[in-house]
Amino acid sequence: MDSLVRSNIIKVAESLFVKYGIKSIKVDDICNDLHMSKKTFYTEFENKEALIEIVWDNICKKGPERFHNISEIDTCDNIIDLWMQGPSLAAREHNKKYEIFVYDLLKYYPEIHRKQVALREKQICDTLRRVLTRGIEQGLFRSDLNIDYLIPLCNGWNDMAIEAFLKMPKSEHKNYLRFLLDAFMHLVCSEEGLAYYLNNHYQLEK
């Protein structure tokens, strides 16, 4: 179980990282806020990166999921409607709170981000597999989709998208995410599903 000192370091670090960004906060800043020596800090954490990893893990555990469970996917009447809902209000508030932290993490500590994604990869892949399967069952996604091929493609697409995301101005992020979602829908939808998406969601997204 974490010591009180360790817990306080994590708590203060998260607060500072979220408010000012990871890059601008140094170990000295955390120690000064806690009125502790750097020697005490390094008895709990090997380095700043180790602390960032713990903070990121805690943030991920606190965050609401896009889909709460598989049963929500299995019982929905229209997978396109469910998919296009995007994050819940709670998820949007969570994402906004940690926006600076996540941006710095992706930009300056990508390996820490990838490690957490790797830990959740099975869950993400299982969810995507069920979404695609449900869409095919409903006739909204193409019946000829090879899900085993598509999931790794989506994972690779996501990695490349993150790299592009970091190179563009923040003002372009929202439009870029909409573009990626639109491209995904054009890739997987059947003729019927694409017509439904264009009539019920595309103009709203624009």
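Below are my entries, from the whole chain down to single residues.

**Ground rules**

I am working with a predicted model, where local features need pLDDT of at least 70, side-chain atom pairs count only at pLDDT 80 or more, and totals for chains, interfaces and linings use all residues. Residues are numbered from 1 along each chain as its sequence is written, and side-chain values use heavy atoms, with hydrogens and water left out.

**Entry 1: the whole chain**

I began with the secondary structure and found twelve helices and zero strands. Helices here are DSSP runs of H or I with at least four residues, strands are runs of E with at least two, and numbering starts from the N terminus. Next I checked burial: of the 206 residues in the chain, 37% are buried. The cut-offs I used are under 20% relative accessible area for buried, over 50% for exposed, and partly exposed in between, with a 1.4 Å probe and protein chains only. Then I turned to contacts, meaning heavy atoms within 4.5 Å. Among contacts in the chain with a separation of 6 or more, 69% are between residues 24 or more positions apart.

**Entry 2: helix α8 and its cover**

Which residues of helix α8 are buried? In this helix, residues 99–108, I noted Phe-101, Tyr-103, Asp-104, Leu-105 and Leu-106. The cover over those buried residues includes α1 (4–20), α4, α9, α10 (147–167) and α11.

One of the covering helices, α11 (residues 173–188), holds His-173. I logged His-173 as buried because its relative accessibility is 9%. Apart from neighbours within four places in sequence, His-173 is in contact with Tyr-103, Phe-165 and Met-168. Tyr-103 is also on my list of buried α8 residues.

**Entry 3: α4 against α9**

How do helix α4 and helix α9 cross? The axes of α4 (residues 48–62) and α9 (residues 110–137) come within 10 Å and cross at roughly 40°. For the record, axes are lines fitted to C-alpha atoms, for helices over the stretch in contact, and angles run from 0 to 180 degrees between N-to-C directions. The angle therefore makes α4 oblique to α9; the classes are roughly parallel under 35 degrees, roughly antiparallel over 145, roughly perpendicular from 65 to 115, and oblique for the rest. I also noted that the crossing of α4 and α9 is right-handed, a label for the near helix being turned clockwise from the far one by less than a right angle, with anticlockwise giving left-handed.

On the α4 side I listed Glu-49, Ile-52, Glu-53, Trp-56, Asp-57 and Cys-60, which meet Ile-112, His-113, Lys-115 and Gln-116 of α9. The residues of this contact divide into four nonpolar, two polar and four charged. In that scheme Ala, Val, Leu, Ile, Met, Phe, Trp, Tyr, Cys and Pro are nonpolar, Asp, Glu, Lys and Arg are charged, and the others, Gly among them, are polar.

**Entry 4: aromatic rings**

I paired rings of Phe, Tyr and Trp (its six-membered ring) if their centres lie within 6.5 Å, calling planes under 30 degrees apart stacked, over 60 edge-to-face and the rest tilted. By this rule I got six aromatic pairs. One of them, Phe-41 with Phe-45, is tilted, at 5.7 Å centre to centre and 35° between the planes. Phe-41 is buried with a relative accessible area of 0%, and Phe-45 is buried too, at 3%. Another pair, Tyr-197 with Tyr-202, is edge-to-face, at 6.2 Å centre to centre and 70° between the planes. Tyr-197 is buried at 1% relative accessibility, whereas Tyr-202 is partly exposed at 25%. Phe-17, Trp-56 and Phe-101 form one aromatic cluster.

Gly-135 lies in helix α9 and is buried, at 0% relative accessibility. The C-alpha atoms of Gly-135 and Ile-79 are separated by 5.7 Å, though the two are 56 residues apart along the chain. Beyond neighbours within four places in sequence, Gly-135 is in contact with Ile-79, Leu-140 and Phe-141.

Cys-189 sits in the loop between α11 and α12 and is buried, with a relative accessible area of 6%. Not counting residues up to four places away in sequence, Cys-189 touches Ile-80, Leu-140, Phe-141, Arg-142 and Leu-194.
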